[in-house]
Amino acid sequence: MSATVGAMRAQGADAARYSLPAIALHWLMAALLFWQIAIGLYMVDLPKRTPAVAYFYNLHKSFGLVALMLAVIRLWWRFRSPPPRSLGLHASALEEKAAQVSHRLLYACMLLIPLFGFLASNFGKHPVRFFGYVLPQLGWDSPLLQSFFRLSHASLAWLLCGLIAVHVFAVGRHLLNSGGLILQRMLPRLWR
């Protein structure tokens, strides 16, 4: 057993656990993000001006607004209930800093991607429908602003995909180094 794993166990796994609301928000957001990425990739190749395009774009916009609300709640919860200390999971101060930066970028993407998507729709011809309910148009028809927000939305979505890949890679690396303790931090107690 490595010294890091021994130190984590000695300090108690519960001290290094996330709260149940943080765990629930993490996994709910993860599922929602994978769903949104899949829909986003699928819908952009559909033939324009078809019922399928309208259906998937409206579905993507609706779940995007749900994602924005969840991101705000998740950020509020993170400030209200700071995450547990890493307890030696990172091999160096540089690795710890990289984890902090990547988590901040993940949160920024979770907030900005749906916000920019919402703004792109508000500066276009098609209103946002939240699960069928038409929301008020907050902008005006501006192809320039719509293009800016759409490009920002798509660029940040690709950044998010890269950050998710880095996050999953880091979890795998920590799994090898911690003997599974990393998963205990982000799984409900009944699944350990």
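This tour moves through a predicted model, one selection at a time.

**The main core**

Begin by selecting Met-29, Cys-109, Met-110 and Leu-160. These residues belong to the largest nonpolar core, which has 25 residues, and they touch the most other members of it. To see where the core comes from, colour helix H2 (20-43), helix H3 (51-80), helix H4 (93-122) and helix H5 (143-178), the elements that each give two or more residues to it. Helix H4 provides the largest share, with 7 residues.

Apart from this core lies another one, of 5 residues; select Ile-39, Leu-46, Val-53 and Leu-59, which are among its members.

Neighbours within four places in sequence aside, Cys-109 is in contact with Pro-114, Leu-156, Leu-159, Leu-160 and Leu-163. Leu-160 in this list was also part of the opening selection from the largest core.

How far is the sulfur of Cys-109 from the closest cysteine sulfur? The distance to the sulfur of Cys-161 is 9.4 Å, too far for a bond. A disulfide is a covalent bond between the sulfur atoms of two cysteines, and a search of the whole structure finds 0 disulfides.

**The salt bridge**

Next, select Glu-95 and Arg-173. Side chains of opposite charge can pair when their charged atoms come close. Here the two side chains meet in a salt bridge, with 3.1 Å from N to O. A search of the whole structure finds 1 salt bridge. Which parts of the chain does this pair link? Glu-95 lies in helix H4 and Arg-173 in helix H5, so the pair, 78 residues apart, links distant parts of the chain. Arg-173 counts as partly exposed, since its relative accessibility is 32%, a value between the 20% and 50% limits.

His-26 is buried, with a relative accessible area of 13%. Residues up to four places away in sequence not counted, His-26 touches Arg-74, His-167 and Met-186.

Leu-28 lies in helix H2 as well. Is Leu-28 buried or partly exposed? Its relative accessible area is 48%, and Leu-28 is therefore partly exposed. Draw a line from the C-alpha atom of Leu-28 to that of Leu-70: the two atoms are separated by 8.6 Å, although the residues are 42 apart along the chain.

**Met-186**

Met-186 is found in the segment after helix H6 (181-185). At 12% relative accessibility, Met-186 counts as buried. Which residues does Met-186 touch, not counting those up to four places away in sequence? They are Tyr-18, Ala-22, Ile-23, His-26 and Trp-27. Finally, select Ala-16 together with Met-186. The two are 170 residues apart in sequence, while their C-alpha atoms are 9.5 Å apart in space.

Note on methods:
Residues are numbered from 1 along each chain as its sequence is written. This is a predicted model: local features need pLDDT of at least 70, side-chain atom pairs count only at pLDDT 80 or more; totals for chains, interfaces and linings use all residues. Side-chain values use heavy atoms; hydrogens and water are left out. A nonpolar core is a set of buried Ala, Val, Leu, Ile, Met, Phe, Trp, Tyr and Cys residues joined through side-chain atoms within 4.5 Å. Buried means under 20% relative accessible area, exposed over 50%, partly exposed in between (1.4 Å probe, protein chains only). Helices (H or I, at least four residues) and strands (E, at least two) are DSSP runs, numbered from the N terminus. Contact means heavy atoms within 4.5 Å. A salt bridge is a side-chain nitrogen of Lys or Arg within 4 Å of a carboxyl oxygen of Asp or Glu. A disulfide is a pair of cysteine sulfur atoms within 2.5 Å.
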